[in-house]
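Trainee: Before I use any label for this model, I would like to hear what each one rests on. Can we go through them in turn?

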Amino acid sequence: MSLVPSPEVIADQVLNGLTIGGIYALIALGYTLVYGILFMINFAHGEIFMFGSFAGFFILHQLVESGFASTNLALSLLAAFLGAMLTSSILGVILERAAYRPLRKAPRLAPLISAIGASIFLQNVMMLLVKARMQIYPDVFPEGIIGVGPVSVSYFQVFIILGSVLMMVGLYLFIKKTRTGKAMRAVAEDKDTAALMGIDVDRIIVTTFVVGSALAAVAGVMVGMYYTQINHMMGFLPGIKAFTAAVLGGIGNVAGAMLGGYVLGLAEALGVLVLPAQYKDVIAFSLLVMILVFRPRGILGEVVSERA
Amino acid sequence: MKDPVIGRWIARLRLVPAWAWYAALIGSVAALPPILGNYWTHVLAYIGIYIMLGIGLNVVVGFAGLLDLGYVAFYAIGAYTYALFASPQFGIHVPFWVMIPACVALASLGGVLLGIPVLRMRGDYLAIVTLGFGEIIRIVLNNLDSVTNGPKGLLRIDPPSIGSFQFTTPTHYYYLILAGCLLSVFIARRLNDSRVGRAWIAMREDEDAASLMGIDVLKYKLMAFAIGASFAGVGGIIFAARQGSIFPDDFSLMVSINVLCLIIIGGMGSIPGVILGAVALIGVPEVLRAVALYRMLAFGALLVIMMVFRPMGFIPSTRRRLELRGQE
């Protein structure tokens, strides 16, 4: 490895960083949305992401087997993404109902431990379903590279980068422009006052889980297609990293989670130019520790009032 | 007590002093290995290591209320320190008994070093940062090939010895671990009843009020971290000596989560709870080898159910029980 990487290598890594950063951002949004409303870390969010990835895998696998995917690729991809979003959303709703809602008034540690339990449970459910093997994601996306000067991007990278941006714009509009989005903001601000204003707080919390889970599912299908292999443990590391991204941007802050995702993706992609590749995962954790020590509210975060 | 015969018996049993109960209990536990045979002695010794880890983490989580998900890091520090200084890896062979204080010192130093930056954080942030710390330690152990031999691990670690006597059989280690557990229980009980222990509990219940009462919150949190870590250091060194070889994967996040869960299932803050939790969590899956496949599934579900229906655990500490009654 040369000490000074060439500009092409740097540009390539920036693109890789934007790709993976978009994925981190999509997962991070789920953490941040839930934290913004319930002030809890949904530790099982990584597993929701994993279930989404597997749902997409099963759908795509069936469609490829039946030959449908070779004629209607766009429709197959759409089916995989929508199926994954539906699966993850249902799972998110069940999780909220069974593991979190009974603990809403409990001491702070109880929901976190319950979430860890749910996370272990879901990992093992999937392990029993798919027998702990690596699954190879169907390789359906058209191969091809767009060259921009000396830099080249694969179609799939373009798809992920644009797709994740599109999802985020959609979310932003949803939160800012719709009635439900407005209610979500109100509940995040003050649950009791929102309830007095006639907002069904339970329904809004469920909506939040649905939205966050659906975004994670999109990320799950993207990760499956990008890295081509998935297994039941795949949720853990992206989950932790996306949480890092959410904290990086300022947890509870939607724009912050997006920014944090890209910052983390770029830091990892550029970090491997200076550090040995095995230490890639250390970058995220070190960044997390540093940000919490020096700027605990994150890049964009507001001061979150201390809760006893 | 309706039946007068049973009532009289209970009254007579009450006359037996507490130390006699403890002596009888310890005596019967000590008599187990010849009855149970090598395999179960081995399992019991394994449970014993987890009891030590549980007691240590209980100081951090149960007494001081700090959720540490990277506890395995200190266990790894203890184990790897001993393995590096008492194996053919560098040809150094420091005796086990000399390494114990060294491992305790290093593990508590690790606790303080981690504690200084993170202890100002709120509960759930603290959990994730300590989790990250545990993972960093494991990744470094896995990749620092020149020192730790990477995933190939450290092999042929020296067994402890007293004079010419060497610890070799599971029974030897059983007694070593039993002694470690007894010492840990003793220290934890003394700590809990001390000024320090009361300060921790005050802090756990209300940090602001404790600090207004003149408790240096940061100092006591650091102490909890350091003391908790030292138990893991001792657990690690015994683990390394008993296994004879250690690998980075012995120190995965699952160890931290297992230890945390055994505390919670047993009853946070209570020492009998830790022992019961260790037996339930480490021992029962051994009995249920046949259904090993579903063990983690049941475990995860159990954690959720436990939090929903009995968040205080099976044997909550006396103080907690009183607190919970007070709220009703």
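Mentor: Start with the inventory: chain A has twelve helices and four strands. Keep in mind that the model is predicted.

Trainee: What makes 19 Å the radius of gyration that agrees with a compact globule for chain A?

Mentor: The rule takes 2.2 Å times the number of residues to the power 0.38. With 308 residues, that gives a value near 19 Å, and chain A has 19 Å, so the two agree. Along the principal axes, the C-alpha atoms of chain A fill a box of roughly 60 × 50 × 40 Å.

Trainee: What share of chain A counts as buried, and what share of its contacts joins residues 24 or more positions apart?

Mentor: Of the 308 residues, 49% count as buried. Among contacts with a separation of 6 or more, 76% are between residues 24 or more positions apart.

Trainee: Into which domains is chain A divided?

Mentor: Domain 1 covers 29-142 + 149-229, and domain 2 covers 235-298. The centres of domain 1 and domain 2 of chain A, taken over C-alpha atoms, are separated by 19 Å. Their contact takes 14 residues from domain 1 of chain A and 14 residues from domain 2 of chain A. On the domain 1 side, the elements giving two or more residues are α1 (7-38), α2 (45-65) and α6 (155-177) of chain A. By class, that side of domain 1 has nine nonpolar, four polar and one charged residues.

Trainee: Which elements do the buried residues of α9(B) pack against?

Mentor: They pack against α3 (32-36), α4 (38-63), α10 (195-205), α12 (217-243) and α14 (271-287) of chain B. The buried residues of α9(B) include Tyr173(B), Tyr174(B), Ile177(B) and Cys181(B).

Trainee: Why does Ile177(B) count as buried?

Mentor: The cut-off is 20 or more other C-beta atoms within 10 Å. Ile177(B) has 23 C-beta neighbours inside 10 Å, so it counts as buried. Leaving aside neighbours within four places in sequence, Ile177(B) is in contact with Ala45(B), Gly48(B), Ile49(B) and Ile238(B). The C-alpha atoms of Ile177(B) and Ile49(B) are separated by 6.7 Å, although these residues are 128 residues apart along the chain.

Trainee: How many residues has the largest nonpolar core, and which have the most contacts inside it?

Mentor: The core has 202 residues, and those with the most contacts inside it are Val218(A), Tyr82(B) and Ala224(B). Domain 1 and domain 2 of chain A each supply at least three residues to this core. Not counting residues up to four places away in sequence, Val218(A) touches Leu26(A), Phe81(A), Met85(A) and Met167(A).

Terms used:
Residues are numbered from 1 along each chain as its sequence is written. Chains are lettered from A and ligands numbered from 1 in the order in which they are written. This is a predicted model: local features need pLDDT of at least 70, side-chain atom pairs count only at pLDDT 80 or more; totals for chains, interfaces and linings use all residues. Domain bounds come from an automatic or database domain assignment. Two residues are in contact if their C-beta atoms, placed from the backbone, lie within 7 Å. Ala, Val, Leu, Ile, Met, Phe, Trp, Tyr, Cys and Pro count as nonpolar, Asp, Glu, Lys and Arg as charged, and the others, Gly among them, as polar. A residue is buried if 20 or more other C-beta atoms lie within 10 Å of its own, exposed if 12 or fewer, and partly exposed in between; C-beta atoms are placed from the backbone. A nonpolar core is a set of buried Ala, Val, Leu, Ile, Met, Phe, Trp, Tyr and Cys residues joined through C-beta atoms within 7 Å.
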